[in-house]
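This briefing covers pockets, nonpolar cores, strand pairing and selected loop residues. The sequence and structure come before the notes.

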Amino acid sequence: MPTPEERIAELGLTLPEVVPPVAAYQPAVRSGDHVYVSGQLPFVDGSLPATGKVGAEVDAETAKELAAVCALNAVAAVRAEIGELSDVVRIVKVGGFVASAPDFTGHPGVVNGASELLGQVFGEAGVHARAAVGVAALPLDAPVEVDMIVEVR
């Protein structure tokens, strides 16, 4: 069975460097058997590929792709905290935040980008509880942000 790192490579992706915090917090903190990952923005090579509200400046499909980028950044934070992604027992909970136009209601579809990526990387261990929430604005005018709780060995 391939490791999560091997699955990431099979998907044609590269695990990025951990995105440095944009405020006073840590990207991930371990407490016992859990890693709590701070909200991750869809940074690619140090910048946001899109900004604005979903349903206005950013379409839902692009936002879904950006949610997957957020999840990949979150996975990178987990790996930096624990060393090996094979030590992930389960993705317990994912929080997805979508900066959206007032009439946009497709938040679950956007956050599916993160959920689907986690399922591809971790298989059954990637199946999780989740919230998909619309918000007025996110840091740096990002269209989406993802945080998560992960059980580890």
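The lining of the second largest pocket divides into seven nonpolar, three polar and three charged residues; here Ala, Val, Leu, Ile, Met, Phe, Trp, Tyr, Cys and Pro count as nonpolar, Asp, Glu, Lys and Arg as charged, and the others, Gly among them, as polar. The model is predicted, so local features need pLDDT of at least 70 and side-chain atom pairs count only at pLDDT 80 or more, while totals for chains, interfaces and linings use all residues. Residues are numbered from 1 along each chain as its sequence is written, and side-chain values use heavy atoms, with hydrogens and water left out.

**Pockets**

- A pocket is an open set of points on a 1 Å grid over the protein atoms alone, where a 1.4 Å probe fits, with protein on both sides within 12 Å along at least five of seven lines; lining residues have an atom within 4 Å of a point.
- The second largest pocket has a volume of about 170 Å³, a volume being the space filled by probe spheres set on the points, with grid points joined across faces, edges and corners.
- Its lining has 13 residues, and Met1, Pro4, Arg7, Val88 and Phe122 are the closest to the centre.
- The largest pocket holds about 250 Å³ of space.
- Of the 15 residues lining the largest pocket, Pro16, Phe43, Val44, Asp45 and Asn73 lie nearest its centre.
- By class, the lining of the largest pocket has ten nonpolar, three polar and two charged residues.
- H2 gives the largest share of that lining, four residues; helices (H or I, at least four residues) and strands (E, at least two) are DSSP runs, numbered from the N terminus.

**Nonpolar cores**

- A nonpolar core is a set of buried Ala, Val, Leu, Ile, Met, Phe, Trp, Tyr and Cys residues joined through side-chain atoms within 4.5 Å; buried means under 20% relative accessible area, exposed over 50%, and partly exposed in between (1.4 Å probe, protein chains only).
- The largest core has 40 residues, of which Val78, Val88, Phe122 and Met148 touch the most other members.
- At least two residues of this core come from each of strand E2 (34–40), helix H2 (60–82), strand E3 (88–99), helix H3 (107–122) and strand E5 (144–152).
- H2 supplies the largest share of this core, 13 residues.
- A second, separate core has seven residues, including Val19, Leu41, Ala99 and Ala142.
- Beyond its neighbours within four places in sequence, Met148 is in contact with residues including Ala74, Val78, Ile91 and Leu118, where contact means heavy atoms within 4.5 Å.

**Strand pairing**

- Two strands pair if DSSP finds at least two bridges between them.
- E3 and E5 pair in the antiparallel sense over nine bridges, and Lys93 stands opposite Ile149 in E5.
- E2 and E5 are also antiparallel, over five bridges; the bridge partner of His34 is Glu151 in E5.

**Loop residues**

- Most residues other than glycine have a negative phi.
- Leu140, which is not a glycine, has a positive phi of about 60°.
- Leu140 is found in the loop between strand E4 (129–135) and E5 and counts as exposed at 52% relative accessibility.
- Asp141 lies in the loop between E4 and E5, has a positive phi near 65° and is partly exposed, with a relative accessible area of 33%.
- Leu13 sits in the loop between helix H1 (4–10) and strand E1 (28–31) and is partly exposed at 32% relative accessibility.
- Not counting residues up to four places away in sequence, Leu13 touches Ile8, Leu72 and Leu117.
- The C-alpha atoms of Leu13 and Leu72 are separated by 8.9 Å, with the two residues 59 apart along the chain.
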